[in-house]
Amino acid sequence: MPAQSLNPAAYPLIQIERLCKSYSLQDASGKTITNQVLFDIHLTIQQGEFVAIMGHSGSGKSTLMNILGCLDTPTSGSYWLAEKNVATLSKDELARIRNEKIGFVFQGFNLLKRMTALDNVATPLLYAGISRAQSRKRALELLRRTGLENFAMHQPNQLSGGQQQRVAISRALVNHPPLILADEPTGNLDTQTSREIMLLFDQLNREQGITIVLVTHEDDIAAYAHRLIRLKDGHIVLDEKNRHETAPGGTPSFPSL
Amino acid sequence: MNLLSIIGEALRALRQNRLRTGLTMLGMIIGVAAVVLMLSIGQGARTKINETIAAMGSNLFLVVPGATSSGGFSFGSGSVRTLTINDSHAIAELTSIKATAPVTTGPVQLNYGAKNWSTIITGTTPNYFEVGNWKMESGAAFTESDLRSAARFVVLGSVTAKNLFNEEDPIGKTIRISNRPFVVVGILMAKGQSLTGRDQDDTVIIPISTSERQITGSQFPGSIRYMLVQAKTPDDMDIAEIEITQLLRQRHRIPKGKENDFTVRNLTAIADVATDAAKVMSIVLGAIASVSLLVGGIGIMNIMLVSVTERTREIGIRMAIGANQRAILTQFLLEAMMICLMGGIIGLIIGIGGAWLVSRFADMLIVITAGMVGLAFLFSSAVGIFFGFYPAKKAASLKPVDALRYE
Ligand SMILES: Nc1ncnc2c1ncn2[C@@H]1O[C@H](COP(=O)(O)OP(=O)(O)O)[C@@H](O)[C@H]1O
Ligand SMILES: [Mg+2]
């Protein structure tokens, strides 16, 4: 059960070199305009790190996260994830990596509608080829750990924002990924609920060594991370150890994950 | 993801939009029901024609007096009296011929007790029953010696017997035909309608000798209305036709270059034409019905395309949590197939029900075969796969990031 990242690994989990991303758009007259969003990104993230990415709206944070999550492809440059050159992988292999290596947490929760919390959490396991019964068993276990066992049969629209995000986190964790990518996970939540979610991430990172990359523009959310990266207009302008590294503290609100 | 889970998901998705699913299914239901109904009507018509042809007897010629007219032939067109019983006997001697049966006809009034019944009488020889493939329900046909003695024996068709006798056993009873007493010796098994739609079971058959002398009269002695001629084998049919023609021309002393005063009709060939016509009809009916299936299929494609667009974000989420292209493709394809299969099953039931109603109230023979049921399933799944594939492929080839960003 503990992720492979507990002991210091010989290779970085994420290694990005000279990465650029641009979008081609057609303007009103039909001319193609190229809009470069990421410029010459170099980024190495070791296993077990807890990284916050900050920056103004439109600075390219989500674009970077999507590339990290193998949802999007860079225009140029290289991306190595767990020693694999992502550019060389087939679509099926990418799907497999998203299934096994990465857990996504989104600002808008992105749960499947009209499906119970339990089935939402179980779905990644179904895609991994695990039986429905087994998947549900494992999903229920995760819901119990995030304090949602009583809401297993609820559908997303019957849950509060905080509860939905905990379902999403349970779903992200269900297949034991070494990496969690969270794009503004607290963006839709109030302060108290945000704090609970951040404590959950903190606990996952400390107890299981799960690597967490988190996008936020709130300083007090970023404070939970151990490393801070700042993007400005598609450039990394800051990459430093977090000054408040020991700051958050507080007792974990969840049973040991 | 295993198939059972995908089927579960597909069912859930279909349930989420019951009205739309139902309306889409309606196209399939109508299509399949129409195909099943049309096929069963077509098959029924073919079966009916085959039965009629089998009942008619095999390798048959009908020889009628009079030249072939441009309007085809008519059964014993009254005026010409060029064919005789002796012609019939002579033809029976030909090597290619198995048997012949000369026939005279005439309208008669039948009486039994208080009941009476008007019909057409057939005077013929005992060969008639074998040549015309008539089987006896009860009793027996009259014999050659009855023919020689011009006995007053009569064989009744099942409808005629029923009209005169109801539940009573007619065998041995005496009826009056044009006021002369006849003993009923046999009842024919029912045959149903002929190819031309005539009720063949309303018939009265007596020896031709008796008929000539006592019933139909003999203004032209020995002349007959028509004769049935049976060739020995199907292969003899061509030769038989030539031989009959040559013999009759010779017997009637028709000089070279003048046209025949008789017409030889190959009934088996006419039957083949009828069979082919029925086959064509069932194919045409099936093809017309298939068009509605096609329309149903297009409806499914349309709805699936809408569904893929509406659920773009769901597709993105599924891809983000590990669905590969095949999983997405299977999911949408299965939804389309499920609509088709469910529509197919309901359509099948309605089609069979409709066929039953038609057979019940329109007095048509309807035949439903296992093959048709199989075909309906095959067709509806094929429609599902064919029209579901493009939308499913479209869903599966979305880029994860684009699908996720879709508003
Ligand atoms: N699919 C796209 N097509 C064109 N431009 C895009 C697309 N996605 C993002 N962009 C542009 O890239 C820039 C960065 O977007 P994003 O990474 O979402 O920023 P952030 O998450 O930091 O707010 C924006 O200017 C946005 O308009
Ligand atoms: Mg963003």
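A: Here is a walk around helix α5 of chain A and the parts that it touches. This is a predicted model, in which local features need pLDDT of at least 70 and side-chain atom pairs count only at pLDDT 80 or more, while totals for chains, interfaces and linings use all residues. Residues are numbered from 1 along each chain as its sequence is written, chains are lettered from A and ligands numbered from 1 in the order in which they are written, and side-chain values use heavy atoms, leaving out hydrogens and water.

Let's start with the helix pair. The axes (lines fitted to C-alpha atoms, for helices over the stretch in contact, with angles from 0 to 180 degrees between N-to-C directions) of α3 (residues 117-127) and α5 (residues 161-173) of chain A come within 7 Å and cross at roughly 25°. That makes α3(A) roughly parallel to α5(A), a word used for angles under 35 degrees. From α3(A), A:A117, A:N120, A:V121 and A:P124 meet A:V167, A:S170 and A:R171 of α5(A); contact means heavy atoms within 4.5 Å. By class, this contact has four nonpolar, two polar and one charged residues.

Now for the sheet. Six strands of chain A form an open sheet with mixed pairing, in the order β6-β7-β8-β3-β9-β10. β6 (102-106) and β10 (235-241) of chain A each have a single partner strand, so one side of each is left without a neighbour in the sheet. α5(A) packs on this sheet, touching β6 and β7 (179-183) of chain A, and its direction makes about 165° with that of β6(A).

Notes. Helix = DSSP H or I, 4+ residues; strand = E, 2+ residues; numbered from the N terminus. Parallel < 35°, antiparallel > 145°, perpendicular 65-115°, else oblique. Nonpolar A, V, L, I, M, F, W, Y, C, P; charged D, E, K, R; others polar. Pairing = 2+ DSSP bridges.
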